[in-house]
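Here are my notes on this model, point by point. Please read them with the structure open beside you.

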Amino acid sequence: MLFAACGAAVERAKGAQFGSDIRRFSDPATEMDVFRLTSPTYSTSLPAYYQRALSHKGQFLLCWSDRTGSAQAFRVNLKNGEWLQLTDAAALDGSTLTLMPDERSFCYFDGPALKRVEFGRLREREIYRVPEGWERCPGSNVTDDGLYAILAECRRDESRLRLVATAKGAASTLAQTPWVISHPMGRPRRTQVLYRQGSTALWLVNFDGQQNRKLKLLAGTVGATRWAPDGRTILYLHFPDETTQLNTLREHTPDANQDQLVAKTSQFVHFDANPDTSVFVGASRNKASPHVLLLLRTTQREMTLCEHRASDPATVAPLFSADSQQVFFQSDKQGKPALYRVHVERFVEKTEPEI
C-alpha cells in the first residue's frame, strides 16, 4: 500500500483518464512564469520536432509517456491539464506520433505497423506494415493533406524511401540508396519529399521518383531542419566544422538552388519558426547559458525566455503554438523528461492558425 501511495506506475488501458499535473514557477534566469505541464516523476516527451503535436486552436497536445509503465500515447488538454490515454501499443515509437490534418485522428508506428487511431472512439486501423526482411529507418511523416505517409526501410546495406497511401495502404518506392535514409518530410503544398543522409546532406525527390537530387548546402554539419509553412524554403541549423565558430540558422530555396544566412545564433542546437518565419525560438547548448531564446529575423537579436538546463540540449526541441503566443519545450532539469510551456504574447505578434 505504501508503494502504491508513492505514485508507482500502474498499467492502464487506452481511454483511461488522469488529472492535471500543471505547476507554475518563476524562472531563475528571467523571472518569467513557466508552466510545467507534466510530472518529472515519469518520462514524457513530444513527438519528433517535425510532426504535428499541437492542435491548431491550442486545445490539446499529443505526447507519449511511460506513466502507466510502458510507452503510450496521450492527449493532454491544455486548458485543464487532464490526460487521456490513446493507445495500448506493444512497441510504440513515440517520435512518430502525428496529428492528421483534420485533427480527428492521429498516426504512429507500433513496431513495424503504421496505425491510425480515431480520437472519438479510439478505434485503431493498421495502414501499412514493414515487410519481413526490412527494418524501418528513423523517422516518418504524413503529408499536409493527410493522403500519404512517408517512411524509409533498411535491409543490409541499402535503404528505400516509401510513399504509402493512408486510405488503402498501397506503397511505392521513391528512391533507393546505399546508405541509411532518415527523417523524411513531405514538402507543404507540393508533391515532394525531403530526406536526410545522416547529418551531412539533404535530398529532395518527387512523388513519382523523378528529380532525386542532393541539395547544395553550405559545407558542415546539418542540424535540425524544417520546411517553412508555405513550402518555399527549408530552414536549417548549420554547425561549422570549426568548433570556435557560431552555429547559424540558414535558409535554402530548392527551386532556385539558393542558400543564405538568416542569423548567427548563441549556439542553437534546436529551433522552431513562427508561421511567417519572422521569429525563431531556439535551445542553446551553451553550458554557461542553457537557455530557451527568441530570435528576431529582422534585427538578428536574441532574447532569453527561460532556462532549460536539459542534460542533452538537443532534446529540448522548442516549438511555437499555431498562434505564436506560446512556446513549448521539454527538459529533464527537474528529474525525468517533462513538458513545459511559456507565454510569449508580450514579445511575438499573434498569427492566425492555418486550418
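1. Start with the largest nonpolar core, which has 28 residues. Leu194, Leu202, Leu215, Leu249, Phe271 and Phe280 have the most contacts inside this core. A nonpolar core here is a set of buried Ala, Val, Leu, Ile, Met, Phe, Trp, Tyr and Cys residues joined through side-chain atoms within 4.5 Å. Buried means under 20% relative accessible area, with exposed over 50% and partly exposed in between (1.4 Å probe, protein chains only).

2. A word on the source. This is a predicted model, in which local features need pLDDT of at least 70 and side-chain atom pairs count only at pLDDT 80 or more, while totals for chains, interfaces and linings use all residues. Residues are numbered from 1 along each chain as its sequence is written, and side-chain values use heavy atoms, leaving out hydrogens and water.

3. E21 gives the most, with 5 residues. Strands (E, at least two residues) are DSSP runs, numbered from the N terminus.

4. Now pick out Phe280. Leaving aside neighbours within four places in sequence, Phe280 is in contact (heavy atoms within 4.5 Å) with residues including Leu235, Leu249, Val262, Phe271 and Phe320. Phe320 belongs to a second, separate core of 20 residues. That second core also includes Ala310, Val316 and Val342. In soluble globular proteins, nonpolar side chains tend to be buried together.

5. Turn to the aromatic rings. Rings of Phe, Tyr and Trp (its six-membered ring) pair if their centres lie within 6.5 Å; planes under 30 degrees apart count as stacked, over 60 as edge-to-face and the rest as tilted. By this rule there are 14 aromatic pairs. Phe18 and Phe74 have ring centres 6.1 Å apart and planes at 70°, so they are edge-to-face. Phe18 lies in E1 (residues 17-18) and Phe74 in E6 (residues 72-77), so this pair ties together parts 56 residues apart in sequence. Both Phe18 and Phe74 are buried.

6. Tyr49 and Tyr50 make another pair. Their ring centres are 5.1 Å apart and their planes at 80°, so this pair is edge-to-face. Tyr49 and Tyr50 are both buried.

7. Ring pairs also build a cluster of Phe18, Tyr42, Phe74 and Trp83. Over the ring of Trp83 sits the charged end of Arg67, 4.5 Å from the ring centre. A charge sits over a ring if NZ of Lys or CZ of Arg is within 6 Å of the ring centre and within 35 degrees of the ring normal. Arg136 does this with Phe109, at 4.2 Å from the ring centre.

8. Where is the open sheet? Its 4 strands run in the order E12-E13-E14-E15, with antiparallel pairing. E12 (135-142) and E15 (171-177) are the edge strands, each pairing on one side only. Two strands pair if DSSP finds at least two bridges between them. E13 (residues 148-155) and E14 (residues 158-165) pair over 8 bridges. Ala152 has Leu161 in E14 as its bridge partner.

9. Finally, look at E2 (residues 23-26) and E3 (residues 33-36), which pair antiparallel over 4 bridges. Their hairpin has 6 residues between the strands, and Glu31 there takes a positive phi near 65°. Arg23 has Arg36 in E3 as its bridge partner. E3 is also joined to E30 (residues 338-343) by 2 bridges, again antiparallel. In E30, Tyr340 is the bridge partner of Arg36.
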